[in-house]
Amino acid sequence: MLGTGFPAYAGDPKTGDDTGTGGQPPADPSGNSEANSGADSSANSGAGTIGAHIRINQKTTGSSASTATATSSNANWKPPVCWYEPMYTPDEYEEFIKSSYKGAQEPAASYAEKRAAEDYHKGDKGLWWQVQFRNDSYTDACPVTPANWEIWVPPAQPKADPNQLTPEILSGLAYNSTKLPKPPVVLSPSPDRLKVNLGTRVKLNGDFDRVWTTASINYKGVQMAATTVATPVALHVEAGTPDADPGTCTYDLVKGDKGYTVDSKDAACNVTYRRSSGTGTYPFKASITWKVTWTASADPDGPAQQPALPDGLSTYEQNVTVKEIQAVNR
């Protein structure tokens, strides 16, 4: 981290009453590398931790399908790279700086001197907030400047830092941690027995419902949460060849007694293959589009907030074999 100009740390002594651990950059003032002390930086859906004290919890209702991390329908959307989290009281910050920067080389030594000159804000009400990273690869540029690896946040902060943790940032972290059910698609006839000019029915086997993921923090008096809610709205089918009628089609999903489903029995867009796959196969694909909203709390049914999040996608792919119907003339 010294090579990038960021302050380096020897390690973060656990502080406060939270069960989380600090997520520090993986270097000490001497340049010796050590592992990131944060919890699972990939933020496992279901239960996990991001950064130092952000908790991730996901609720999936009525789905027995396998899951995969949600794919954004907007290729330009990116989750937050880094942010400030509450970390230290003034006394804890003094202890942290003195222990972590002891014997530090430049630029870390000057950084420690700057904080000492501020007397760590001892005697003032507030907390030191520290930059945290979504993952430990550091491949994406963090907008936090090296001169302010930590910021002082008083109770009546006149203007929040743009990188300070907010429900909006939490919503992006929750979205990025969401796992969605893959489409439980069943083809009739079965994928290895499809016939030319014989309609192929696309069915959803099983029911599934909304998925919501909450990212929250409750540390040293700072409490906030955001919940992303993914609702399935459409099933999109791609036959895998232009020699199919239709080559692509979309079914609207409807809320039923047991979740969202589609009645494809008489649907006009069931696939009919017009040519054999020969000795090979066709790459059949089905994907579900999920409308994603977010609330500024742990309640998935709270008021929807802005800015909007992009739709999510979950995809199922399978190779299908299409044969000519054999007939015997007498």
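So, helix α3: its buried residues are Ile169, Leu170, Ser171, Gly172, Leu173, Ala174, Tyr175 and Ser177. Buried here means under 20% relative accessible area, exposed is over 50%, and partly exposed is in between, with a 1.4 Å probe and protein chains only. That makes 8 of the 11 residues in α3 (167–177), so the helix is largely enclosed by the rest of the structure. Helices (H or I, at least four residues) and strands (E, at least two) are DSSP runs, numbered from the N terminus.

Quick note: this is a predicted model, where local features need pLDDT of at least 70, side-chain atom pairs count only at pLDDT 80 or more, and totals for chains, interfaces and linings use all residues. Residues are numbered from 1 along each chain as its sequence is written, and side-chain values use heavy atoms, leaving out hydrogens and water.

Okay, salt bridges: a side-chain nitrogen of Lys or Arg within 4 Å of a carboxyl oxygen of Asp or Glu. By that rule we get 10. Take Glu92 and Lys220, whose closest N and O atoms are 3.1 Å apart. Glu92 lies in helix α1 (90–100) and Lys220 in the loop between β12 (211–219) and β13 (222–238), so this pair ties together parts 128 residues apart in sequence. Glu92 is buried at 18% relative accessibility, while Lys220 is partly exposed at 24%.

Next, which residue does Lys255 form a salt bridge with? That's Asp209, with the closest N and O atoms 2.6 Å apart. Lys255 sits in strand β16 (254–256), and Asp209 in the loop between β11 (199–204) and β12, 46 residues away.
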